[in-house]
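Here is a short tour of one protein chain. Keep the sequence and the 3D view side by side while you read.

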Amino acid sequence: MHGLDAIDRDDCLALLRRGGLGRIAFSNGLHPVVVPVLFAMLDDDVVIRTGPGEKLVAAALHQTVAFEIDEHDPGARTGWSVLVVGPAEEVVHPDERARCDALGLEPWAGSARDRWVRIRSHEITGRRLHDSE
């Protein structure tokens, strides 16, 4: 038998602080877009490193975006997901950029990714699917 439980904010933040690969969802003006991104945490907010393009435009427009991470075990039929919803903004203040640079988040993609986008964590929710036996 399996169950679904809410994950509290502190546990969601602990999962987010692992960093790694997640997905950001935003609108490009025509339709929703979901793309994988590497991320880290700055305080309680998600930060991603990017270059010119749609993610940076979304940040410049202060769009409300969604960011999601998850993990699952298909064999055990268990897993969890964490969702962050909030406005995106480009990190432009030199002190904040320095803090982002200090996170050591290195892009996997070959092109220049020297801009930072911060997703303010106005809403953080999580769910865990587990074996209830």
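This is a predicted model: local features need pLDDT of at least 70, side-chain atom pairs count only at pLDDT 80 or more; totals for chains, interfaces and linings use all residues.

Pro52 sits in the loop between β4 (45–50) and α2 (54–60). Helices and strands here are DSSP runs, numbered from the N terminus: helices are H or I with at least four residues, strands are E with at least two. Pro52 is exposed, at 70% relative accessible area. The cut-offs are simple: buried means under 20% relative accessible area, exposed over 50%, and partly exposed in between, with a 1.4 Å probe and protein chains only. Pro52 and Val85 are 33 residues apart along the chain, and their C-alpha atoms are separated by 22 Å.

**The whole chain**

The chain has 3 helices and 8 strands. Along the sequence they follow the pattern β-α-β-β-β-α-β-β-α-β-β. The radius of gyration of the chain is 16 Å, close to the 14 Å that the globule rule gives for 133 residues, so the chain is as compact as a globular protein of that length. That radius is taken over C-alpha atoms, and the rule is 2.2 Å times the number of residues to the power 0.38. The C-alpha trace spans about 50 × 35 × 30 Å along its principal axes.

Buried residues make up 36% of the 133 residues. The accessible surface comes to about 7600 Å², and 53% of this belongs to carbon and sulfur atoms. Areas come from the Shrake-Rupley method with a 1.4 Å probe; for residues, only the protein chains shown count as cover.

Contact means heavy atoms within 4.5 Å. Among contacts between residues at least 6 apart in sequence, 71% join residues at least 24 apart.

The chain carries 15 positive and 22 negative side chains, and the centres of the two sets lie 4 Å apart. Lys and Arg count as positive, Asp and Glu as negative; His and the chain ends are not counted. Each charge is placed at NZ of Lys, CZ of Arg, CG of Asp or CD of Glu.

**An aromatic pair**

The structure holds 1 aromatic pair. The rings of Phe39 and Phe67 have centres 4.9 Å apart and planes at 65°, so the pair is edge-to-face. Phe39 lies in strand β3 (residues 32–42) and Phe67 in strand β5 (residues 64–73), so the pair ties together parts that are 28 residues apart in sequence. Both Phe39 and Phe67 are buried. Rings of Phe, Tyr and Trp (its six-membered ring) pair if their centres lie within 6.5 Å; planes under 30 degrees apart count as stacked, over 60 as edge-to-face and the rest as tilted.

**Strand residues and their contacts**

Leu4 lies in strand β1 (residues 2–7). Beyond its neighbours within four places in sequence, Leu4 is in contact with Arg127, Arg128, Leu129 and His130.

Trp80 belongs to strand β6. Is Trp80 buried or exposed? At 10% relative accessibility, Trp80 counts as buried. Leaving out residues up to four places away in sequence, Trp80 touches several residues, among them Ile7, Leu15, Ile69 and Arg127.

Arg23 is in strand β2 (residues 20–27). Arg23 counts as partly exposed, at 28% relative accessibility. With residues up to four places away not counted, Arg23 touches residues including Val34, Pro36, Phe67 and Asp70.

These C-alpha separations can be checked in the 3D view:

| Pair | Apart in sequence | C-alpha to C-alpha |
|---|---|---|
| Leu4 and Asp131 | 127 residues | 9.0 Å |
| Trp80 and Leu103 | 23 residues | 25 Å |
| Arg23 and Glu96 | 73 residues | 23 Å |

**Positive phi angles**

Most residues other than glycine have a negative phi. His62 has a positive phi, near 55°. His62 lies in the loop between α2 and β5. Arg77 is not a glycine either, yet its phi is positive, about 55°. Arg77 is in the loop between β5 and β6 (78–90). At 57% relative accessibility, Arg77 counts as exposed.

Definitions and conventions: Residues are numbered from 1 along each chain as its sequence is written. Side-chain values use heavy atoms; hydrogens and water are left out.
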